[in-house]
Amino acid sequence: MLSNLATAYHFAVFEIHARFKRSVLGTLWYALSTLAIILGLGPLYASIFGHSLDEYFGYLAFGLVFWNFFQGVISESTAVYQSNQTYIKDMVIHPIVFNVALIIKHSFIWFQNLVVVYGLLLLLGFGLAEPSLWFFVYMAPVIMVVFFGSVASSLISLRFRDFANIINLVVQIFFFLTPILWKTRPDILGLSVIKYNPVFYLVSLPRNLLLGEAVNLWVIAISWPVGLGCVWASFWVVRKYRKELVFWL
Amino acid sequence: MALIQLRDICLDFPVYGFRTDSLKLAVLNKISTWTTRRPWFPSDGIKIVRALQNISFELNDGDRLGVVGSNGSGKTTLLYMLNRSFVPSSGSLIVDGSVGSMLNLNCGIDPNMTGRENIRFRLKISRITRKHWAAIEEDVVEFADLGHFIDMPLRIYSSGMMARLLFAMATAIRRDILLMDEWLSVGDADFSRKASARIDGYAKESSILVLASHDTGMVSRVCNKCLRLDQGNQIMFGETEDVLR
């Protein structure tokens with residue numbers, strides 16, 4: 001287990017290193033592109049939706065940071081087994097290592113984006129919650145759920161060649177259905193599109209905490225068993241299809 | 001002590017038809033069967049191809065097996081099964097010992113990284129203890145003999161240079177069982193001799209070598225046992241000179 005985790009870490013570091021090898025700024029490009037989008041869209045969308053910049057800017061910024069994490073992992077998962085098939089087939093590396101590597105890579109990018117965005121918002125004088133360890137207690141189950149999404153997406157894409165197109169379309173639709181660009185109001189929270197939208201919870205749990213919402217022990221009591229269940233389900237589903245998986249490559 | 005033991009091994013390969021590969025068609029067929037009691041896009045099904053049939057042999061310490069047969073006879077599939085990539089559909093398979101494989105020339109390399117960076121990455125993911133890294137890296141660099149190219153990206157390497165590096169990487173990490181697929185034909189004549197000598201040394205240290213090849217001369221030179229395959233069937237297994245006669 002631990003050696004698989006170390007292997008996943010090496011894959012994640014190698015991929016980041018390979019991608020930004022010839023770049024001076026390296027992974028900071030991710031943070032800069034996020035900043036450019038936030039600074040470009042923030043004032044415009046605040047005026048379109050009629051929100052004050054004070055209440056909207058942090059909401060949009062953190063929403064986009066978490067969305068980028070979610071979207072990056074799910075989109076890349078559709079091709080992760082195919083692109084690493086020589087490792088899976090020739091070196092007999094467990095397929096789930098590549099999902100863990102994706103999570104490590106995107107967690108690193110996400111954390112870097114978060115620090116840069118948090119710093120920018122503080123610099124611009126927006127009111128934010130103090131950094132707290134509770135944030136990681138909120139974020140961990142989110143990562144576990146995304147991990148399950150990654151494993152499911154990788155497996156289904158391998159078996160059905162048209163799934164990658166479908167999932168990319170679904171991800172785009174979810175971006176507009178989820179309160180990232182637009183804000184929720186108490187009177188629309190009961191709408192099915194919000195109430196039954198899993199991405200809404202994935203994005204809003206850590207975002208609301210950073211924006212100053214008090215720690216809710218009920219959220220932790222529910223999200224942790226769900227997260228751990230997702231990790232268990234991920235290992236179960238890969239174990240179930242491990243034998244067939246290599247024929248799908 | 002290493003051991004490879006196969007008893008009546010069969011391997012079935014599922015081959016998916018175009019329509020069974022599509023999630024959209026699968027969903028549409030479910031809906032149409034539910035509403036109109038017949039699928040609108042009848043599935044072209046999953047064909048099962050028997051890649052290996054009733055393969056039985058046993059290899060012990062010091063054995064070097066040559067696997068021969070025409071294209072499509074199942075040589076590479078057999079190596080992948082010994083590599084534990086494929087699980088047999090029936091029969092009993094025992095592979096006791098660590099396995100090193102040289103089945104794919106492009107396995108585990110990034111063309112944008114230098115030769116040295118690729119060596120280091122391979123060491124990290126091969127679960128070799130850190131204290132051995134420097135010695136193995138030095139061994140690979142020395143054997144591949146690529147000069148200053150070792151610190152240049154792989155994308156500028158010729159196929160011969162690439163093969164030298166990959167061969168050196170694959171044979172630098174010692175395992176109990178070594179699987180090779182047509183590898184000794186890499187590089188120029190000098191390198192080929194060097195590679196043969198290295199393989200001899202490796203095979204002496206490794207307990208078992210399995211080599212799939214069309215080159216019967218090489219098989220008779222390197223191997224003490226031989227297996228002939230034809231369309232997935234075991235035609236003959238025994239001493240090399242008997243099988244190749």
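Reply: Helices (H or I, at least four residues) and strands (E, at least two) are DSSP runs, numbered from the N terminus. The expected span of a helix is 1.5 Å times one less than its number of residues. Residues are numbered from 1 along each chain as its sequence is written, and chains are lettered from A and ligands numbered from 1 in the order in which they are written. This is a predicted model, in which local features need pLDDT of at least 70, side-chain atom pairs count only at pLDDT 80 or more, and totals for chains, interfaces and linings use all residues.

Me: How far does helix α1 of chain A reach from its first C-alpha to its last?

Reply: Helix α1 of chain A covers residues 2-19, which is 18 residues. At 1.5 Å a residue, 26 Å is expected. The reach of α1(A) is close to that, at 26 Å.

Me: Within what arc do the buried residues of α1(A) fall?

Reply: A residue is buried if 20 or more other C-beta atoms lie within 10 Å of its own, exposed if 12 or fewer, and partly exposed in between, with C-beta atoms placed from the backbone. The buried residues of α1(A) are A:T7, A:A8, A:F11, A:A12 and A:F14. The arc is that of the directions from the helix axis to the C-beta atoms. Seen down the axis, these residues line one face of α1(A), because they fall within an arc of 165°.

Me: Which residues are exposed on the other side of α1(A)?

Reply: The buried residues of α1(A) have a cover that includes α5 (96-123) of chain A together with α3 of chain B. On the other side of the helix, the exposed residues are A:L2 and A:S3.

Me: What is the radius of gyration of chain A?

Reply: The secondary structure of chain A comes to 10 helices and 0 strands. The radius of gyration is taken over C-alpha atoms, and the globule rule is 2.2 Å times the number of residues to the power 0.38. For 249 residues the rule gives 18 Å, so chain A is as compact as a globular protein of that length, with a close value of 19 Å.

Me: Which element gives the most to the side of chain B that touches chain A?

Reply: Two residues are in contact if their C-beta atoms, placed from the backbone, lie within 7 Å. By this rule, 25 residues of chain B are in contact with 21 residues of chain A. On that side of chain B, β1 (3-16), α1 (23-36) and α3 (115-125) each supply at least two residues. The element that gives the most, with 3 residues, is α3(B).
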